[in-house]
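Me: I would like to go through this structure by question and answer. Please end each reply on the value or name I ask for.

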Number of protein chains: 2
Amino acid sequence: MATKITPLSGFPELLPAERFVERSIIASLSRSFELHGFANIETRVVEPLDRLAKGGEIDKEIYVLRRLQADDGGSDSGLGLHFDLTVPFARYVLEFGGKLEFPFRRYQIQPAWRGERPQEGRYRQFTQADIDIVGAGELGVHHDVEVVRVMVEALGALPLPPLAFHVNNRKLIQGFYRGLGIPDVTAAIRAVDKLDKQSADDVAALLVSTAGATPEQAQRCLELAGIRVSGSAELREQVAALGIADDLLEEGLAELAAVLDGCADVVDDHVGVEADLRIARGLDYYTGTVLEIFMAGYERLKSVGGGGRYDALASDGKTTYPGVGVSFGVSRTLVPLLADGVLAADRAVPSAVLVALADEESRGASNALASRLRRRGIACEVAASAAKFGRQIRYAERRGIPFVLFPGEQPEIKDIRSGDQVPIDPEAWTPPDTDLTPNVVRNLP
Amino acid sequence: MATKITPLSGFPELLPAERFVERSIIASLSRSFELHGFANIETRVVEPLDRLAKGGEIDKEIYVLRRLQADDGGSDSGLGLHFDLTVPFARYVLEFGGKLEFPFRRYQIQPAWRGERPQEGRYRQFTQADIDIVGAGELGVHHDVEVVRVMVEALGALPLPPLAFHVNNRKLIQGFYRGLGIPDVTAAIRAVDKLDKQSADDVAALLVSTAGATPEQAQRCLELAGIRVSGSAELREQVAALGIADDLLEEGLAELAAVLDGCADVVDDHVGVEADLRIARGLDYYTGTVLEIFMAGYERLKSVGGGGRYDALASDGKTTYPGVGVSFGVSRTLVPLLADGVLAADRAVPSAVLVALADEESRGASNALASRLRRRGIACEVAASAAKFGRQIRYAERRGIPFVLFPGEQPEIKDIRSGDQVPIDPEAWTPPDTDLTPNVVRNLP
């Protein structure tokens with residue numbers, strides 16, 4: 001095998017202890033989603049290129065697959081790696097719709113790929129955790145509340161820094177712009193969406209030049225975008241104070257208020273939900289609820305998750321499938337937290353016990369002792385060589401294995417942290433719960 | 001979104017109930033591997049093309065990645081999707097070797113890709129579960145026994161048809177051919193490796209024409225390849241009866257006998273281990289133990305797993321890393337078993353309870369009731385709409401949800417299989433263990 005290793009930028013990989021943290025996070029998310037009735041699926045990593053096209057245009061950040069030296073001379077396969085989990089899910093719903101029960105709740109935790117320039121929080125391969133509820137023909141707006149609640153509960157169960165869900169509603173802003181008399185509502189959304197990168201003055205100028213707004217109208221758009229509040233009564237008050245009357249605005253306002261009210265009993269100091277009328281989520285197919293998730297102390301990552309409502313997640317010509325979902329960026333969140341030492345594992349191996357080896361001839365006896373512990377769910381490994389016991393203890397120490405078991409007629413166990421060594425009954429002894437598996441350690445600054 | 005869906009041959013996808021089976025299998029494997037001290041890792045899905053080359057040649061079945069409309073006009077990225085989990089693991093060991101403790105035990109359960117012609121058991125995207133132990137500089141031969149034992153135990157815990165591990169040793173066959181005086185030992189291995197596809201006469205002719213054997217020598221090679229036995233004493237006897245003396249043969253024989261003896265206490269009717277001197281594992285880098293795993297009733301899949309010992313899994317010029325491992329084909333095994341109905345899940349959703357909804361106004365009360373159950377680990381969902389209770393019950397029935405909970409001052413639960421409905425205390429009621437989560441059902445023919 002070749003010897004020179006060049007790390008690949010944008011493709012983060014984890015050491016075993018870091019991977020343990022990631023697995024714990026994924027297991028916790030899965031458990032939370034399942035408690036709410038979401039079934040797991042995985043989709044293949046490739047989609048036909050025309051399905052990866054956005055509004056007819058294929059993003060240049062897509063990785064296209066080519067069979068090397070294929071029979072046809074190595075042309076493209078017409079397949080690309082998916083760049084999110086929504087596109088493959090929409091295709092899955094169309095392909096298997098006849099075998100699914102709607103509303104269909106699914107969660108999906110898989111990598112996706114984008115060929116973009118790597119930077120912190122932006123990778124070429126990254127894992128996402130998505131939940132979506134999709135209906136056949138119709139999907140009650142209470143499901144918008146449901147997906148937000150589920151993600152609030154799921155993320156609230158993780159050992160992360162505090163999180164804030166910033167929620168808005170497309171109908172609210174579209175209705176507001178319409179009621180205000182802005183000529184090009186879509187251009188207005190596109191302009192306001194730039195508020196996180198450009199100054200308010202620049203965005204106001206854009207509203208005038210691209211959306212046909214008057215300077216006064218532009219000012220009102222910015223006032224709306226400035227509303228950030230967590231109570232639904234306060235939200236209604238502040239929007240009403242801007243004095244725009246419009247049916248779509250009212251509908252969106254009611255939906256947004258329902259999300260705030262519906263999450264009131266699950267939010268706490270650790271995870272909050274607020275209305276933030278600046279959130280637009282670009283020009284994606286969102287048609288109602290939109291949201292982004294931010295992590296305290298990691299504002300530089302921009303959002304660590306987001307989502308919303310699509311009135312047409314997918315359509316086969318006969319049936320339209322509306323959907324609502326939230327996506328959480330597992331890699332985007334964890335890779336920086338692991339690099340900063342905010343999250344870590346207290347050991348790199350599953351083993352709670354190293355079974356020592358007196359000599360190579362007694363390996364069978366040490367194996368048998370290990371098997372007895374494993375039958376009771378205690379992870380262990382047998383020493384690789386019959387080195388002096390002191391070396392075997394240091395071997396355990398380097399791995400963070402808390403106990404060394406010495407075989408013999410009367411087996412003895414040593415807690416290598418305290419140095420205490422006591423005789424045990426291998427059919428009865430169990431390590432403390434906190435030593436049974438590795439643990440995730442959170443070091444908040 | 002486009003409407004026409006063309007299923008992609010070679011990229012199998014599972015329905016939610018089938019995915020539940022796959023997840024159960026993967027969870028069980030992970031648990032078994034961890035009980036033996038194996039730590040999980042995941043590698044990125046891409047490797048530089050030169051690392052994917054086998055003996056300098058890049059297999060034409062590799063999928064190469066190209067960034068569409070990249071700045072350089074869309075040329076190849078120099079990256080390809082990995083075709084197994086051994087190549088990325090070897091690279092991971094070289095890249096992170098300084099941060100790992102050796103011998104390093106890892107397991108890895110991920111997809112891999114090959115652009116080959118799809119057929120049953122052969123897919124373009126397929127998931128594998130690999131365990132390997134790798135040493136820095138040296139790795140005791142007892143680890144060969146260990147990885148086979150671990151995989152026997154891990155597969156024995158799965159609800160699969162009976163499995164047979166067929167084990168051989170490269171040193172044994174090489175030593176035998178050398179002791180026999182065959183001029184080209186490598187060509188002889190390559191010829192004997194064809195025994196599963198060609199007749200004994202054809203292979204004998206190949207041994208003569210490509211390995212330079214005499215017809216008598218060719219016959220002896222076939223006699224060796226015909227040995228199939230599960231006891232180590234019988235193995236030694238049958239090999240000795242062929243009358244070849246060679247040091248390497250003796251070394252390989254001792255190693256193979258050690259695997260048989262070392263697994264004697266973990267094999268049973270469900271998973272067996274035997275010496276099968278026909279197994280060669282192609283011309284891969286194996287240098288000692290080699291094995292393939294077969295599943296009863298599914299001989300048409302050829303092996304469902306395999307592995308062996310590499311004396312140089314990886315090398316950085318200073319350190320050589322020997323390794324030994326076994327790979328199990330998760331997709332290759334499960335996709336046919338699911339298609340045949342041998343494995344199934346008894347429901348497609350995690351929910352054990354559907355909380356009924358009297359009217360849309362009381363959704364908050366039904367949500368609150370659901371939350372109380374979830375806090376005690378009971379997965380549930382709330383009815384999508386306040387339809388008549390009869391329709392809500394049928395909704396649960398279609399999903400296989402066993403219980404419907406009717407809210408109210410005195411909540412009542414209905415087991416929809418028996419029709420029994422009784423008042424319950426939502427802080428105390430728990431479904432039977434067998435209803436708490438979906439179950440994998442095995443229907444052996």
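Me: At what angle do helix H5 of chain B and helix H8 of chain B pack, and how is H5(B) oriented to H8(B)?
Reply: In this predicted model, H5(B) covers residues 170-180 and H8(B) residues 215-225, with their axes 11 Å apart. The packing angle is about 155°. Angles over 145 degrees count as roughly antiparallel, so H5(B) is, relative to H8(B), roughly antiparallel.

Me: Which residues of H8(B) make the contact with H5(B)?
Reply: H5(B) passes H8(B) in a right-handed crossing. From H5(B), the contact uses Leu172(B), Ile173(B), Phe176(B), Tyr177(B) and Leu180(B). The contact residues divide into seven nonpolar, one polar and one charged. On the side of H8(B), they are Gln217(B), Arg220(B), Cys221(B) and Leu224(B).

Me: How is H5(B) oriented to helix H6 of chain B?
Reply: H6(B) spans residues 185-192, and its axis is 10 Å from that of H5(B). The two pack at an angle of about 120°. Roughly perpendicular ends at 115 degrees and roughly antiparallel starts over 145, which means that H5(B) is, relative to H6(B), oblique.

Me: How do the residues of the contact of H5(B) with H6(B) divide into nonpolar, polar and charged?
Reply: H5(B) passes H6(B) in a right-handed crossing. H5(B) supplies Arg170(B), Gln174(B), Tyr177(B) and Arg178(B), while H6(B) supplies Val185(B), Ala188(B), Ile189(B) and Val192(B). The division is five nonpolar, one polar and two charged.

Me: Which residues does a cis peptide bond join in chain B, and what is omega?
Reply: Most peptide bonds are trans. The loop to look at in chain B runs between helix H3 (86-96) and strand S5 (104-113), and Pro103(B) lies in it. The cis bond joins Phe102(B) and Pro103(B), with omega of about -5°.

Me: What is omega for the cis peptide bond of Pro103(A)?
Reply: Pro103(A) sits in the loop between helix H3 (86-96) and strand S5 (104-113) of chain A. Its cis partner is Phe102(A), and omega is about -5°.

Me: What is the phi of Lys302(A), and is this residue buried, partly exposed or exposed?
Reply: Most residues other than glycine have a negative phi. Lys302(A), in the loop between strand S10 (286-295) and strand S11 (305-315) of chain A, has a positive phi of about 55°. Its relative accessibility is 41%, so Lys302(A) counts as partly exposed.

Me: What phi does Lys302(B) have?
Reply: Lys302(B) lies in the loop between strand S10 (286-295) and strand S11 (305-315) of chain B. At 40% relative accessibility, Lys302(B) counts as partly exposed. Although Lys302(B) is not a glycine, its phi is positive, about 60°.

Me: How many of the residues of H4(A) are buried?
Reply: H4(A) runs over residues 142-156 and has 15 residues. From first C-alpha to last it reaches 21 Å, close to the 21 Å expected. The helix is largely enclosed by the rest of the structure, because the number of its 15 residues that are buried is 13.

Note on methods
Residues are numbered from 1 along each chain as its sequence is written. Chains are lettered from A and ligands numbered from 1 in the order in which they are written. This is a predicted model: local features need pLDDT of at least 70, side-chain atom pairs count only at pLDDT 80 or more; totals for chains, interfaces and linings use all residues. Side-chain values use heavy atoms; hydrogens and water are left out. Axes are lines fitted to C-alpha atoms, for helices over the stretch in contact, and angles run from 0 to 180 degrees between N-to-C directions. Helices (H or I, at least four residues) and strands (E, at least two) are DSSP runs, numbered from the N terminus. Angles under 35 degrees count as roughly parallel, over 145 as roughly antiparallel, 65 to 115 as roughly perpendicular and the rest as oblique. A crossing is left-handed if the near helix is turned anticlockwise from the far one by less than a right angle, and right-handed if clockwise. Contact means heavy atoms within 4.5 Å. Ala, Val, Leu, Ile, Met, Phe, Trp, Tyr, Cys and Pro count as nonpolar, Asp, Glu, Lys and Arg as charged, and the others, Gly among them, as polar. Buried means under 20% relative accessible area, exposed over 50%, partly exposed in between (1.4 Å probe, protein chains only). The expected span of a helix is 1.5 Å times one less than its number of residues.
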